[in-house]
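The sequence and structure come first.

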Amino acid sequence: MRIRTGFDIAFETLQPTPMILMVSVHPNRMPDVLTPHVLTFDPPVQTREYRDDFGNLCHRILAPPGRLTVSADFEVQDSGLPDPIVPEARQIPVQDLPDEVLVYLLGSRYCDTDKLSQTAWSLFGTAPEGWGRVQAIVDYVHNHIRFDYQRADATRTAHDGFQQREGVCRDFAHLAITFCRCMNFPARYATGYLGDIGVPRDPAPMDFSAWFEVFLEGPDGPRWYTFDARHNRPRIGRIVMARGRDATDVAISTNFGFANLARFDVHTDEIG
């Protein structure tokens, strides 16, 4: 399957503003990119590329005063297969986990495990172990939160989302991740492109999407598996941009000064 995807985003600043942009395809998907993957800036600015501690591709810029447009348009090869379902995947005891995944058991900026630990054990302590327990968490979060694009809140934590019962895809991911961590499943946040491929078209404006991954022991050994509490069904054509502890680590832009988001357009379509 070939997927055409990209974005057109504009920021407005009053003075030169340092920014970190995280809008590139994740390095492990770069081999699937079929056409040049180039970030275009209007007006042109100098950029410096680096990888953060989570392996994400980042760009540092100094945005000039006024409007700055950042855009990209490219094609990606995808297997066309839906997210795998592996009911036999089991939970790995904490003492047997690799060192590098332990950070995904800890609380973080938006995943306030200390406030939800008791709730998690009361809700999921008797659920089937392994994959079944993670799916029970996904089912609960999917039914507990009402999706509302107009109710996005950049300060909403998992505990806030649990209480308010509304939000956007990041809120579904944060609550599910937090419950998983409370139950000793390493869980990490993922963001990227997810078009309406193989499903009815969503009338809401196209946006980058958020889901999460859980580290489990599968038939072929330990690995990260994809879960999506907002949609709660296997989806086709996920293109990962970044992974981290929560949305803090994978923000599309981090501004060191005021920068107004003046335009935000994302497209992801199957083309063959």
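How many disulfides does the count come to?

## Basis

The model is predicted: local features need pLDDT of at least 70, side-chain atom pairs count only at pLDDT 80 or more, and totals for chains, interfaces and linings use all residues. Residues are numbered from 1 along each chain as its sequence is written, and side-chain values use heavy atoms, leaving out hydrogens and water.

## Cysteines

The count is zero disulfides, a disulfide being a pair of cysteine sulfur atoms within 2.5 Å. Cys58 is in none, since the nearest cysteine sulfur, in Cys111, is 19 Å away. For Cys111, the closest cysteine sulfur is that of Cys182 at 9.4 Å, too far for a bond.

Cys58 is buried at 1% relative accessible area, and Cys111 is buried at 0% (buried: under 20% relative accessible area, exposed: over 50%, partly exposed in between; 1.4 Å probe, protein chains only).

## Asp148

Asp148 lies in the loop between β7 (146–147) and α3 (158–164); helices (H or I, at least four residues) and strands (E, at least two) are DSSP runs, numbered from the N terminus. Its relative accessible area is 18%, which counts as buried.

Beyond its neighbours within four places in sequence, Asp148 is in contact (heavy atoms within 4.5 Å) with Gly167 and Val168.

## Sheet

An open sheet of four strands has the order β4-β5-β2-β13, with antiparallel pairing; strands pair if DSSP finds at least two bridges between them. At the edges, β4 (47–51) and β13 (253–255) each have a single partner strand, so one side of each lacks a neighbour in the sheet.

Five bridges join β4 to β5 (residues 57–63), and Arg48 stands opposite Arg60 in β5.
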